[in-house]
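Biologist: Could you walk me through reading this model, one feature at a time?

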Amino acid sequence: MIISIAIQKGGSGKTTTAINLGAALRDRGHSVLLLDLDPQANLTQAMGFKEGDLAENIYHVLKNEAYGEATGVNINTILKEVEGMALAPAGLELAQAELELVSIFGRELILAEVLSKLERSFEFILIDCPPSIGMLTVNALVASNGYLMPLQSEFFPLNGVKSFLKFVQDKIQKKLNPAIELYGFVLIKHDPRITMHREVQGALQQLEHYEGRVFEAFIRPNIALAKAQEANKDIFLFQKNANGAADYRQLATEFLQKIAAA
Ligand SMILES: Nc1ncnc2c1ncn2[C@@H]1O[C@H](COP(=O)(O)OP(=O)(O)OP(=O)(O)O)[C@@H](O)[C@H]1O
Ligand SMILES: [Mg+2]
């Protein structure tokens, strides 16, 4: 099952959710691949790799797929094993892909083709998307069974959410991937004691055509989540008793229930 973690707004909690939801699924015995599709490569860094550590990353794989180059680099050769999960790393070069892919025939399907060539099977592939609606996010959504949208309750995110949903409807569902599902909105740094946060939650819960899609599990503000990322660890290995660990465990439980019921 392939899941994009996507929203065009920066700093929403995409990368944090990719790592820690992935780690929560790992801890339940599932096989997980984390795919970094963001040129910022925050996920790759959070998994312990610095810029320049890795000669090849998902950019080279996409490029080979797009141009049919036989360089020997493919999705299987770039995978790294980190703390019981596999990582498909990103690098700064990935920024070029946004432009380079535009002129390729079938440009929206390149990542889907790449993932169909995985030699190992994974129960869950989580794709950490960049904060934009470009070719990379399109490729992620076309390759995915569904997507999750993390949002911070401290900003009123409704306009951004609506425009992203419309983009998925118009650009992805109509032609490229009619079966894609919104698994739900995940509230990040959410504090139910704050009126504004409850208002954001309520407004999302009643969003036309998407009623009831807010996960009941939410992620509280928890500095350990940020510190874990700096320490190149997921929250379960960094501080297993942190609120962030409990919250991502809860999210994983609800997510698994949702997909089992679907
Ligand atoms: N629940 C939380 N409590 C405290 N800090 C958090 C929480 N979730 C995420 N953060 C921190 O907020 C910042 C933004 O989160 P993150 O990098 O996951 O967002 P993003 O959507 O991936 O950003 P970008 O769009 O730039 O890729 C990071 O520094 C992260 O450590
Ligand atoms: Mg990110």
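Biologist: Leaving aside neighbours within four places in sequence, which residues is Ile-127 in contact with?

Modeller: Two residues are in contact if their C-beta atoms, placed from the backbone, lie within 7 Å. Here Ile-127 touches Ile-2, Ile-3, Ser-4, Ile-5, Leu-35, Leu-37, Ala-140 and Ser-144. This is a predicted model: local features need pLDDT of at least 70, side-chain atom pairs count only at pLDDT 80 or more, and totals for chains, interfaces and linings use all residues. Residues are numbered from 1 along each chain as its sequence is written, while chains are lettered from A and ligands numbered from 1 in the order in which they are written.

Biologist: How many residues does the largest nonpolar core have?

Modeller: A nonpolar core is a set of buried Ala, Val, Leu, Ile, Met, Phe, Trp, Tyr and Cys residues joined through C-beta atoms within 7 Å; buried means 20 or more other C-beta atoms within 10 Å of a residue's own. The largest one has 78 residues, and Ile-3, Leu-34, Leu-126 and Ile-127 have the most contacts inside it. Helix α7 (residues 135–143) gives the most to this core, seven residues; helices are DSSP runs of H or I, at least four residues, and strands are runs of E, at least two, numbered from the N terminus.

Biologist: And what is the strand order in the open sheet?

Modeller: Strands pair if DSSP finds at least two bridges between them. The seven strands run β3-β4-β2-β5-β1-β6-β7, with mixed pairing. The edge strands are β3 (80–82) and β7 (181–188). Strands β6 (residues 146–152) and β7 are parallel, joined by seven bridges.

Methods:
A residue is buried if 20 or more other C-beta atoms lie within 10 Å of its own, exposed if 12 or fewer, and partly exposed in between; C-beta atoms are placed from the backbone.
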